[in-house]
Amino acid sequence: MKRYDYPIVKTLLDTDAYKLHMQQAIFYNYKNVDVVAEFICRGDNFLGCYSHVLLEQISMMRSLSLSHEEYIYMNSFPFFKQEYLHWLKKFRYNISQVKINNYQGQLHIRISGLWKEVILWEVPILALISEVFHSNFSPKISSKNAIEHLDLKLKNFFHYTKYIDLSHLKIVDFGTRRRFSYDVQYSIVKRLKEKFPFLIGSSNYHIARILNLSPVGTQAHEWFQAHQQISSNLKKSQTLALQKWLDQYGSHLSIALTDSITMDAFLRDFNLFFTSSYKGIRHDSGDPVKWGEKALQHYEKLGVDPGTKTLLFSDNLNFKKIISLYKKFSRRINVVFGIGTKLTCDIPYVKPLNIVIKLTECNGKPVAKISDSPGKTFCSDKNFLKILYNVFDIPSRKQI
């Protein structure tokens, strides 16, 4: 097994933008909230053998801190506040929050502590797992292989779209968590910036900074999940999460994630005020065409011009799916496409890992995600999951 005498994650900003955006909102609203997050491998990979290497890498992360140049960069965005950035400059990873072990070949990871601190662990740990696995399983694969394959995909893309008006096409790199490696992600995004005029940004703050791209991201499922136990009224937990986000960011970062408790339940809470206040919504599970049609119907029913709103598609995209969705929706509403694993871990003879880290508890109580894709629904407490189904009037046929 390959061992490393150097850190794979070299900067605090090598993470997804929405983590820092959520962290600031937590810093100002929920400083003392405790959470638990756990690792889930949705595939059949036995990753427990990498536990010692991962522990070594996580131990190296304790020295990471925001550099002066990075601080200046973060301070250039209008939505970050001074108090938070001063705190972030002093932030250090607390490695005692992470427990990792190999249980009969399965990798078990549990992260617990203050939400404002725990939130930054997910992305680098997933990126570490992916890079360690691939460097051992596919040691001869390099960034060169990834670029060669990308160039072929781009050639095919431009061939199939030569008669399509692409003037409104916008694509964002969402590939940090399950990338083949940092070098592959950086090389891919750099190549896209050079050859692909439709790339508008990256979800990775570090890569966005060094390549002079826009960092893109709003909130993740955990923002809505935690509110299930923060709110005094479970039925109003989703509206509380939506309101707190607006209170923090106003018109900035106002794309709402729709599938923490299914799209249908989300739309029932996404009233005229929220629909008007948020610039758009993000798709992350279920049939994207059905989701898009529901979104358009919702805007039209409330008398909101879809042309003023944005649909951000981000579930398991590749260039072929992007072209199809663009043709379907681009003349009816603004569209943006976040492409992740199929961008930064799309290399011949390489199978990406299907791994996530999800919030399982908040303030000592269970939380859940009820996805529009049944396989993505998650809750460690079946009784709480049943309560959530009942409270949000979710048909039993969707239950897992």
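Biologist: Happy to look at this predicted model with you. Leaving aside neighbours within four places in sequence, which residues is Thr 344 in contact with?

Modeller: Good place to begin, in a model that is predicted throughout. Thr 344 sits in helix α16, which covers residues 341-344. Once neighbours within four places in sequence are set aside, its contacts are Asp 173, Gly 175, Arg 178, Arg 179, Phe 180, Val 184 and Gln 185.

Biologist: Which backbone oxygen does the side chain of Thr 344 reach?

Modeller: Thr 344 is buried, with a relative accessible area of 0%. Its side chain comes to 2.7 Å from a backbone oxygen, that of Gly 175.

Biologist: Let's turn to the cysteines. How many disulfides are there?

Modeller: A pair of cysteine sulfur atoms has to lie within 2.5 Å to count. The sulfur of Cys 41 is 11 Å from the closest cysteine sulfur, in Cys 49, so that pair is too far apart for a bond. Cys 345 is in no disulfide either, as the nearest cysteine sulfur, that of Cys 41, is 13 Å away. The count of disulfides is 0.

Biologist: And is Cys 345 buried or exposed?

Modeller: The cut-off for buried is under 20% relative accessible area. Cys 345 has 2% relative accessibility, so it counts as buried.

Biologist: On to the pockets, then. Which element gives the largest share of the lining of the largest pocket?

Modeller: The largest pocket holds about 810 Å³ of space. Its lining has 42 residues, with Arg 177, Arg 178, Asp 284, Ser 314 and Val 356 nearest the centre. At least two lining residues come from each of α1 (17-29), α10 (221-230), α16 and β11 (355-362). The largest share, 4 residues, is supplied by β11.

Biologist: How many charged residues are in the lining of the largest pocket?

Modeller: Sorting the lining of the largest pocket by class gives 16 nonpolar and 12 polar residues. The charged residues in that lining number 14.

Biologist: What about the second largest pocket: which element gives the largest share of its lining?

Modeller: The second largest pocket has about 640 Å³ of space. It is lined by 29 residues, and Val 216, Ile 255, Lys 279, Thr 310 and Val 336 are the closest to its centre. Two or more lining residues come from each of β6 (214-215), β9 (310-313) and β10 (334-339). The largest share, 3 residues, belongs to β10.

Biologist: How many nonpolar residues line the second largest pocket?

Modeller: By class, the lining of the second largest pocket includes 10 polar and 5 charged residues. Its nonpolar residues number 14.

Biologist: Back to α10 for a moment. How many of its 10 residues are buried?

Modeller: The buried residues of α10 include His 221, Trp 223, Phe 224 and Gln 229. This helix is largely enclosed by the rest of the structure, because the buried residues among its 10 number 9.

Biologist: I also noticed Gln 104, with its positive phi. In which loop is Gln 104 found?

Modeller: Gln 104 has phi near 50°, a positive value in a residue other than glycine. It is exposed, with a relative accessible area of 65%. Its loop runs between β2 (98-103) and β3 (106-114).

Biologist: Last one: is Tyr 349 buried or exposed?

Modeller: Tyr 349 lies in the loop between α16 and β11, and its phi is positive too, near 70°. The cut-off for exposed is over 50% relative accessible area. At 84% relative accessibility, Tyr 349 is therefore exposed.

How values were computed. Residues numbered from 1 in each chain as written. Predicted model: local features only at pLDDT ≥ 70, side-chain atom pairs only at ≥ 80, totals over all residues. Heavy atoms only, no water. Buried < 20%, exposed > 50% of the residue type's maximum accessible area, 1.4 Å probe, protein only. Polar contact = N/O pair within 3.5 Å; in protein donor to acceptor, adjacent residues only side chain to side chain. Contact = heavy atoms within 4.5 Å. 1 Å grid on protein atoms, 1.4 Å probe; cavity = no way out; pocket = protein on both sides within 12 Å on 5 of 7 lines; lining within 4 Å. Points joined across faces, edges and corners; volume = space filled by probe spheres on them. Nonpolar A, V, L, I, M, F, W, Y, C, P; charged D, E, K, R; others polar.
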